[in-house]
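Q: Can you walk me through this one? I would like to take it piece by piece.

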Protein chains: 2
Amino acid sequence: MAHTYEYPRPALTVDCVVFGFDGEGLQVLLIRRGVEPFLGTWALPGGFVHMEEDLEDAARRELREETSLSDVFLEQLRTFGTPGRDPRGRVVSVAFYALVRPEQHPAKGDTDASEAAWFSATALPPLAFDHREILEAALDRLRGKIRYQPVGFELLPKRFTLSQFQALYEAILGRPLDKRNFRKKLLAFDFLIPLDEFSEGSHRPARLHRFDRRKYDALVRKGFHFEI
Amino acid sequence: MAHTYEYPRPALTVDCVVFGFDGEGLQVLLIRRGVEPFLGTWALPGGFVHMEEDLEDAARRELREETSLSDVFLEQLRTFGTPGRDPRGRVVSVAFYALVRPEQHPAKGDTDASEAAWFSATALPPLAFDHREILEAALDRLRGKIRYQPVGFELLPKRFTLSQFQALYEAILGRPLDKRNFRKKLLAFDFLIPLDEFSEGSHRPARLHRFDRRKYDALVRKGFHFEI
DNA sequence: GCAAAAGTGTTGCTCCTACACCCATGG
DNA sequence: CCATGGGTGTAGGAGCAACACTTTTGC
């Protein structure tokens, strides 16, 4: 009823933790703030939610505006609303995390006005607001999720080598994995399609594979439980 | 900057999916709405977030006010903000789920004014707003979580029998489990303490156990990974 | 003494882990 | 021909699933 609308309302924002993988380690895309507060400090891309705009749409819009990213894997993380997390007053932020493939990575100068850059997830600069806490929560989620859901593919090129895949898992889980066992297990799942294409490089070419989402979805419907 | 505050703001609420277990099946605590919209319809307990109030605090306050529950396991689920989910206008709701032990269940008449009641998770009445969707999301989360985190204990009495524990898992996972294998696995984890107390009833008494959180936390720190 | 739930071991099999060498290519 | 990463099989052990009967109690 009308009076419910007389409550003072917090401001509502979205923030995105954007993960990438460069073949070596996990990376995070940050933007340098162009306004106060925290002018000049690195921060997660994000901004205010419009009225009449779905939360996920707001996150995608901010990603597009601030980092020129679109069509990425995006999932809600959780909402951060501790009073005092924003010096301007009560601001509640719905956090998302995104996974982007190397071929989607924005080129330098791709982002307008504000500066955007990739940082290693293990060597982060100081961040604005409580963005460090949000980022750590996203890292925890990713580390948990990657073990029992095949989200790793969202961080690799559409066509990838098994070694790339293994390097990704080693980077995220933070420990070395046995090459033979890893490949055996992965191929046994039977949702990777070996292609007749090979990587290029100065050494022996590696066979490329792609993820067969259709087959994976079918397996899941049959009660299959992915786990690495 | 001042102008950031001139954005129109959605109203912000919290809603709680409260799970219980009666020894037979999973249950959900609902309240009957006493105001429009959806007057008289069953709904999740919840309400508006106060300025200067943390989100989790708001959820606990609403639980206390509407269901007299306190000191329960409570965790954020996710935030629902699709425009149109509330006929009164833009309302964004941060959803939580709670797990309560039988001895915490509110007695009839314990809740003031509004009516509260437990429903079987498999026989729910029509719900207000998008609360059905929130509830399904909470069920999914619980089913996933219970497999790799020992949250089941939060739904059982402090002291419980292994059969109760098995019945809980069977109810949530929706399939029968082998008694001997279940007990063997559970006891091998070594974080259940067998007590010298026994259940009462008209048949052979069962030994009571309790969960040793201290031991469990220590195992987790050593890299232990719970999974049933 | 009977109905009802508690409690208990073994076996076969599957899946996991550990482990080392040859292959293909570019330079 | 050398440096670099790609690719492959096996054996031992751990853990999982399948399975049935005896015990204790209240009535």
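**The DNA, the chains and the domains**

A: The surface near DNA strand C is made up of 3 nonpolar, 6 polar and 11 charged residues. Keep in mind that this is a predicted model.

Q: Which residues come nearest to DNA strand C?

A: There are 20 residues around DNA strand C, and those that come nearest are Ser202(A), Lys179(B), Arg183(B), Lys184(B) and Arg207(B).

Q: OK, bases then. Where does Arg204(A) come in?

A: An N or O atom in the side chain of Arg204(A) is 3.0 Å from a base oxygen of DNA strand C. For Lys184(A), a polar side-chain atom lies 3.4 Å from a base nitrogen of DNA strand C.

Q: Which elements give two or more residues to that surface?

A: H4 of chain A together with H4 of chain B.

Q: Now the other strand. Which residues come nearest to DNA strand D?

A: Lys179(A), Arg183(A), Arg207(A), Ser202(B) and Arg204(B), out of the 20 residues around DNA strand D. Of the atoms of DNA strand D that come within 4 Å of the protein, sugar and phosphate account for 40%.

Q: What does Lys184(A) do with DNA strand D?

A: Lys184(A) has a polar side-chain atom 2.8 Å from a base oxygen of DNA strand D. Recall that Lys184(A) also has a polar side-chain atom 3.4 Å from a base nitrogen of DNA strand C.

Q: Which helices supply the surface near DNA strand D?

A: Helix H4 (179-189) of chain A and helix H4 (179-189) of chain B each supply at least two residues. By class, the surface near DNA strand D has 3 nonpolar, 6 polar and 11 charged residues.

Q: Switching topic. How many residues of chain A and chain B are in contact?

A: 37 residues of chain A are in contact with 36 residues of chain B. The two chains bury about 3,200 Å² between them, with 60% of it on carbon and sulfur atoms.

Q: How many salt bridges between chain A and chain B?

A: The count is 0. For polar contact, the count between chain A and chain B is 9 residue pairs.

Q: Which elements of chain A supply the side that touches chain B?

A: Strand E1 (11-21), strand E5 (73-80), strand E6 (91-99) and helix H2 (131-148) of chain A each supply at least two residues. E5(A) gives the most, with 4 residues. By class, that side of chain A divides into 18 nonpolar, 8 polar and 11 charged residues.

Q: And within chain A, what are the domains?

A: The domain assignment gives domain 1 (2-148) and domain 2 (156-221). Their C-alpha centres lie 29 Å apart. The contact takes 12 residues from domain 1 of chain A and 10 residues from domain 2 of chain A.

Q: What area is buried there?

A: About 1,000 Å² is buried between domain 1 and domain 2 of chain A, and carbon and sulfur atoms give 68% of it. Phe21(A), Arg101(A) and Ile146(A) supply 52% of the area that domain 1 buries against domain 2, more than any other three residues.

Q: How many salt bridges across that interface?

A: 0 salt bridges are found between domain 1 and domain 2 of chain A. Across that interface there are 3 residue pairs in polar contact. H2(A) gives the largest share of the domain 1 side, 4 residues. That side has 5 nonpolar, 2 polar and 5 charged residues.

Q: Last one. Where is Leu39(A)?

A: Leu39(A) is in the loop between strand E2 (26-32) and strand E3 (42-43) of chain A. Leu39(A) and Phe191(A) are 47 Å apart in space, C-alpha to C-alpha, and 152 residues apart in sequence. Not counting residues up to four places away in sequence, Leu39(A) touches Arg33(A) and Gly34(A).

Terms used. Residues are numbered from 1 along each chain as its sequence is written. Chains are lettered from A and ligands numbered from 1 in the order in which they are written. This is a predicted model: local features need pLDDT of at least 70, side-chain atom pairs count only at pLDDT 80 or more; totals for chains, interfaces and linings use all residues. Side-chain values use heavy atoms; hydrogens and water are left out. A residue is near a molecule or strand if one of its heavy atoms lies within 4 Å of it. A polar contact is a pair of N or O atoms within 3.5 Å; within protein, one must be able to donate a hydrogen and the other to accept it, and residues adjacent in sequence count only if both atoms are side-chain atoms. Ala, Val, Leu, Ile, Met, Phe, Trp, Tyr, Cys and Pro count as nonpolar, Asp, Glu, Lys and Arg as charged, and the others, Gly among them, as polar. Contact means heavy atoms within 4.5 Å. Buried area is the accessible area (1.4 Å probe) that two parts lose on being put together, summed over both. A salt bridge is a side-chain nitrogen of Lys or Arg within 4 Å of a carboxyl oxygen of Asp or Glu. Domain bounds come from an automatic or database domain assignment.
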